[in-house]
Amino acid sequence: MKVVTLGEMMMRLTPPGYSRFEQANTFDVNFGGAEANVAAALAIWGDETFFVSKVPSHEIGQAAVNSLRALGVETCFVLRGGERLGIYYAERGVDLRGGKVIYDRNKSAFSLSDANEYDWEKIFDRADWFHITGITPALGEKAQELAFMACKEAKNRNIKVSFDVNYRSKLWEMAEAKDVMEKLLCYTDVCIVNENQAHELFGVSGEKAIQEFAKKYCLNQVAFTYRRTKDARHNKIWGMLYLEGKVVKSREYDMEMTDRIGGGDAFSAGLIYALGHGYEAQKAIDFAEAASCLKHSVEGDVCLVSIDEIEKVCKGQGYGINR
């Protein structure tokens, strides 16, 4: 399966251990971004993945690209230019102190790129699937134009489109986000959203929320993710999938997390992989949620786990030592 994702690649700076920003004399460095994380996971699982973006034509931009290449992601459609790579600072939470993210991505190369810079004919040649998130249109007017252009080009070629709502309140206001996202849902085949955002953005809640969301936006495939927080490191997560009128639920996972960032992207990647490879509904939601659970055990943005590990967790066999 050939999968195309579009989004911003960023440098992540994390204080060592559980240090606060004010305590940090050094930062751990890695690269990531929602759509890049999805592309990386799918590449690890054997799919042909292409990441579309723009980074500055200097060594830091190249380092970001290299991090994806090392995982098997095709980067031939990553443009070069602009002045800066987006940065975000991530402080790990512990006990009753939650994690914290500070963005420094204003006027990044990607956010200022023009939709007409991209060769859509080549980008979508032979593509089976296109994935985007609500983070991209949150980056400004040009990024919104780019998101809509990409979705239109994909739909014109009958390519399946998945859209992870991924609302970020630090990037834009809820009213604008709702307006833009509802328009993007018109191009969407598979929508992924967490229960809180379904309620806050789209006014859907309750026992049959996923069915109501699917009906409201004329969608045949919708995934809801759920999270209950005990403290900064201990969460319970599960997912539900609405697939052409049928609703299935994954098993629930009580987790002690190493790194929360990227868990939603791992879920998206798992769902894309499962649906793209013909898994039936129950197996698809189980695979996606197990991928998300395992990602929480891995430092960094990317879900560095194998299909075999995911399938073992699905079966309740993912514990102990592999000998």
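## Ground rules

A salt bridge here is a side-chain nitrogen of Lys or Arg within 4 Å of a carboxyl oxygen of Asp or Glu. This is a predicted model, in which local features need pLDDT of at least 70, side-chain atom pairs count only at pLDDT 80 or more, and totals for chains, interfaces and linings use all residues. Residues are numbered from 1 along each chain as its sequence is written, and side-chain values use heavy atoms, with hydrogens and water left out.

## Overall build

The protein has 10 helices and 14 strands. Helices (H or I, at least four residues) and strands (E, at least two) are DSSP runs, numbered from the N terminus. The C-alpha atoms fill a box of roughly 50 × 45 × 45 Å along the principal axes.

Of the 323 residues, 54% are buried. Buried means under 20% relative accessible area, exposed over 50%, and partly exposed in between (1.4 Å probe, protein chains only). Contact means heavy atoms within 4.5 Å. Among contacts between residues at least 6 apart in sequence, 69% join residues at least 24 apart. The accessible surface comes to about 14,300 Å², and carbon and sulfur atoms hold 46% of that surface. These areas come from the Shrake-Rupley method with a 1.4 Å probe; for residues, only the protein chains shown count as cover.

## Helices α6 and α7

Helix α6 (195–202) buries Q197, A198, L201 and F202. These residues cover an arc of only 105° around the axis, which puts them on the same side of α6. The arc is that of the directions from the helix axis to the C-beta atoms. The cover over them includes α5 (174–184), β10, α7 and β11. At the N-terminal end, N194 is the cap: a side-chain oxygen lies 3.0 Å from the backbone nitrogen of N196. After α6 comes G203, with a positive phi near 70°.

Helix α7 (residues 209–216) buries A209, I210, F213 and A214. Their arc is only 135° around the axis, which puts them on the same side of α7. They pack against β10 (190–194), α6, β11 (221–229), β12 (234–243) and β13 (246–249). C218 follows α7, and its phi is positive, near 55°. An α-helix has 3.6 residues a turn, so residues three or four places apart point the same way.

## Salt bridges

The count of salt bridges is 19. One of them joins E8 to R105, with the closest N and O atoms 2.9 Å apart. E8 sits in the loop between β1 (2–6) and β2 (10–14), and R105 in the loop between β7 (100–104) and α3 (120–123), 97 residues apart. Both E8 and R105 are buried.

D104 and R84 also pair, at 3.0 Å, N to O. D104 is in strand β7, and R84 is in the loop between β5 (78–80) and β6 (86–91), 20 residues apart. D104 counts as partly exposed at 30% relative accessibility. R84 counts as partly exposed at 22%. In another pair, E252 meets K236, the closest N and O atoms being 3.5 Å apart. E252 lies in the loop between β13 and β14 (253–256) and K236 in strand β12, so the pair ties together parts 16 residues apart in sequence. E252 is partly exposed at 35% relative accessibility, and K236 is partly exposed at 28%. Salt bridges with shared partners join R12, D259 and D301 into one network.

Methods. Polar contact = N/O pair within 3.5 Å; in protein donor to acceptor, adjacent residues only side chain to side chain.
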